[in-house]
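Welcome! Have a look at the model below, and then we will walk through it piece by piece.

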Amino acid sequence: MVELETRELEYFVALADELHFGRAAVRLSIAQPALSKAIRRIESRLGVPLFIRSSRHVELTPAGEALREHGRHALNAVGAAVRHARRAGEVHDHLRLVLKPGGDAGLLSGILAEYARRPDARRVDILFSGPADRADFLHDGRADVGLLYAPFDDLDGLAHETLHAEDRVAIVPSGHRLAGHASVRMSDLAGEALPRWKGVPGGDGTGPEVADVTQMLHMITVSRMVGVLPRSLVEPVPEGLVRVPVTDAPPSRLVLAWNERDRRPLVAAFVAAAAESKPQGS
């Protein structure tokens with residue numbers, strides 16, 4: 001059975017990313033000859049070449065491409081396992097909550113206040129993420145709980161508690177053809193440029209790429225696109241924009257999510273506090 005040490009896999013992935021021995025060695029904080037020796041040792045152990053080398057060029061072989069894809073997953077899995085083990089063994093722990101900026105529907109203060117009243121409450125560290133990676137924070141142990149939006153965020157492998165449900169609205173410039181409508185349907189937005197979210201593959205957006213709601217609202221203000229968002233993300237409505245209800249858009253749900261395998265009392269206590277604090281009728 002062929003075995004690679006984690007450090008060797010890290011060396012390989014660094015070179016596969018950089019395709020340059022000098023840059024990869026700097027990234028790894030090792031000498032370039034040591035990296036070259038390690039790569040030769042890996043190739044000898046596997047019995048296949050991983051790189052095509054010349055005096056000016058380094059590229060991956062098909063075997064190298066395969067190892068890069070699976071090797072990155074393996075390193076991520078090892079890192080997640082270490083983080084989960086450390087977290088499970090910590091007695092005096094604090095809790096990490098991940099959300100996107102402004103993505104709490106105004107509920108976070110109430111949740112934290114309810115949690116602080118519990119005798120088992122711990123310090124809560126708040127982490128901010130991009131538009132698409134909050135679920136990753138929960139899967140790999142960087143965060144314990146997260147505020148996510150369904151159906152937009154992937155809840156696979158996550159337990160969750162719905163905190164709030166709300167309608168979705170179209171956001172258009174004040175001079176837009178739909179700005180005076182009492183409501184619209186999704187079909188009314190046909191042909192409009194919708195945002196492409198940075199780091200989110202797929203989607204139907206044909207407008208500029210944006211990283212967050214603030215960027216999106218700016219692009220709508222200058223008539224580069226329109227958007228459809230949960231109502232709470234545009235309260236109050238920025239100057240120069242109009243909010244129009246979308247009658248046939250499925251409702252957005254703000255959920256508190258956590259890894260379904262995480263049964264620590266620390267997490268259970270926060271989930272209970274969040275459930276107790278949610279508004280009536282949500």
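## Two sides of a helix

On one side of helix H5, Ser109 and Ala116 are exposed. The buried residues of H5, which spans residues 108-116, are Leu108, Ile111, Glu114 and Tyr115. These four lie on the same side of H5, because they cover an arc of only 130 degrees around its axis.

The chain has an average pLDDT of 88, and 91% of the residues score at least 70. Confidence is highest in strand E11 (residues 241-245), at 96, and lowest in helix H4 (residues 62-89), where the mean is 77. Where pLDDT is low, the predicted coordinates should not be read in detail.

## A covered strand and its partners

Now find strand E12, residues 252-259. Is it mostly covered or mostly open? Seven of its eight residues are buried, so the strand is mostly covered.

E12 runs antiparallel to E5, and five bridges join the two. Here tyrosine 149 stands opposite leucine 254 of E12. E12 also pairs with E6, again in the antiparallel sense, over eight bridges. In that pairing, glutamate 161 has leucine 256 of E12 as its bridge partner.

## Two crossing helices

Two packed helices are described by the angle between their axes and the distance between the axes.

Most residues other than glycine have a negative phi, and most peptide bonds are trans. Some places in this chain are worth a second look.

The peptide bond from alanine 150 to proline 151 is cis, with omega near 10 degrees, and proline 151 sits in the loop between E5 and E6. Another cis bond links glutamate 235 to proline 236, with omega about -5 degrees. Proline 236 belongs to the loop between strand E10 (227-230) and E11.

Serine 29 has a positive phi, near 60 degrees. This serine 29 lies in the loop between helix H2 (21-28) and H3, and is exposed, with a relative accessible area of 67%. Alanine 105 also has a positive phi, of about 55 degrees, and is found in the loop between E3 and H5.

Methods:
Residues numbered from 1 in each chain as written. Predicted model: local features only at pLDDT ≥ 70, side-chain atom pairs only at ≥ 80, totals over all residues. Heavy atoms only, no water. Buried < 20%, exposed > 50% of the residue type's maximum accessible area, 1.4 Å probe, protein only. Arc of directions from axis to C-beta. Pairing = 2+ DSSP bridges. pLDDT = per-residue confidence, 0-100.
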